[in-house]
Amino acid sequence: MKNLKLTALVAALIAISATAAAKSNSTIGSVYVSYSPMSFYDNGYLIPELGTDRKQFTAFTAGFNNAHILSREVPFFLEYGLAGQYSYCNKNDKVSYIRMVSAKVPLSLGFVFDWDPITLAPYAGVDGIGYIWGTASSVDLFNNDGWGLNRFGINWHAGAKLFIGEFLLGVAYEGAVSSLYKNEPLGTNITARQLNISLGFKF
């Protein structure tokens with residue numbers, strides 16, 4: 001129920017964003033790829049064979065964003081996009097033990113500092129996440145007969161993008177708002193945190 005309410009909130013924010021974007025003065029699009037060191041925290045409950053409560057993952061992301069400048073006088077921008085992410089965790093650094101594929105819908109509000117041809121754009125926002133596929137040694141992560149994890153989640157993010165001409169360099173930190181585990185037994189709250197390092201181009 002909690003995740004359902006959060007998903008509805010993100011959907012409402014996206015609808016508001018689309019209305020505001022339609023009235024914006026200009027648009028900047030960008031495509032990017034990201035490398036992300038990621039950590040999952042589960043109090044050692046869900047994946048005890050990996051040891052400790054902090055599981056180290058690696059993620060790769062590809063996506064696009066549209067940023068809409070809301071005012072020429074005060075250059076705030078509203079940005080939304082779509083991305084696909086592949087993440088994995090190795091058991092004993094030998095076997096790809098846990099693998100997940102997800103789709104992300106980022107929504108951000110930021111500010112533009114423009115020193116042509118250099119532009120700095122700090123921003124913050126939320127990500128709606130849908131987990132498309134996930135497995136741990138052939139066990140389905142999202143099937144009720146497997147681990148029964150939530151297929152939908154919400155993350156928050158904060159970061160900055162540096163544009164040098166058409167080239168894009170971005171750094172952001174991302175943390176979980178919702179838990180992956182549906183029932184959270186014994187106080188378990190499975191969440192993820194990640195650092196996103198991005199390269200791309202604007203158009």
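The model is predicted, so local features need pLDDT of at least 70 and side-chain atom pairs count only at pLDDT 80 or more, while totals for chains, interfaces and linings use all residues. Residues are numbered from 1 along each chain as its sequence is written, and side-chain values use heavy atoms, with hydrogens and water left out.

Q: Why is the pair of Phe-76 and Phe-111 called edge-to-face?
A: Rings of Phe, Tyr and Trp (its six-membered ring) pair if their centres lie within 6.5 Å; planes under 30 degrees apart count as stacked, over 60 as edge-to-face and the rest as tilted. Phe-76 and Phe-111 are 5.1 Å apart, centre to centre, with 80° between the planes, so they pass as an edge-to-face pair.

Q: What makes this pair a tie between parts of the chain?
A: Strands are DSSP runs of E with at least two residues, numbered from the N terminus. Phe-76 lies in strand 3 (residues 76-91) and Phe-111 in strand 4 (residues 95-111), so the pair ties together parts that are 35 residues apart in sequence.

Q: Why are Phe-167 and Phe-201 a pair, and of which kind?
A: Their ring centres are 6.2 Å apart and their planes lie at 75°, so this pair is edge-to-face. Phe-167 belongs to strand 9 (residues 167-176) and Phe-201 to strand 10 (residues 191-202), so the pair ties together parts that are 34 residues apart in sequence.

Q: How do you know whether Phe-201 is buried or exposed?
A: Buried means under 20% relative accessible area, exposed over 50%, and partly exposed in between (1.4 Å probe, protein chains only). Phe-201 has 51%, so it counts as exposed.

Q: What about Ser-34, buried or exposed?
A: Ser-34 has 8% relative accessibility, so it counts as buried. This residue lies in strand 1.

Q: What makes the link between Ser-34 and Ser-198 a polar contact?
A: A polar contact is a pair of N or O atoms within 3.5 Å; within protein, one must be able to donate a hydrogen and the other to accept it, and residues adjacent in sequence count only if both atoms are side-chain atoms. The side chains of Ser-34 and Ser-198 are joined at 2.4 Å, so the distance meets the cut-off.

Q: What makes a space a cavity rather than a pocket?
A: On a 1 Å grid over the protein atoms alone, a cavity is a set of points where a 1.4 Å probe fits but cannot get out, and a pocket is an open set with protein on both sides within 12 Å along at least five of seven lines; lining residues have an atom within 4 Å of a point. The largest cavity holds about 310 Å³, and the largest pocket about 370 Å³.

Q: Which residues lie nearest the centre of the largest cavity?
A: Of its 23 lining residues, these are Tyr-32, Asn-65, Tyr-123, Asn-196 and Ser-198. Strand 9 gives the most to this lining, with 5 residues.

How values were computed: Helix = DSSP H or I, 4+ residues; strand = E, 2+ residues; numbered from the N terminus. Points joined across faces, edges and corners; volume = space filled by probe spheres on them.
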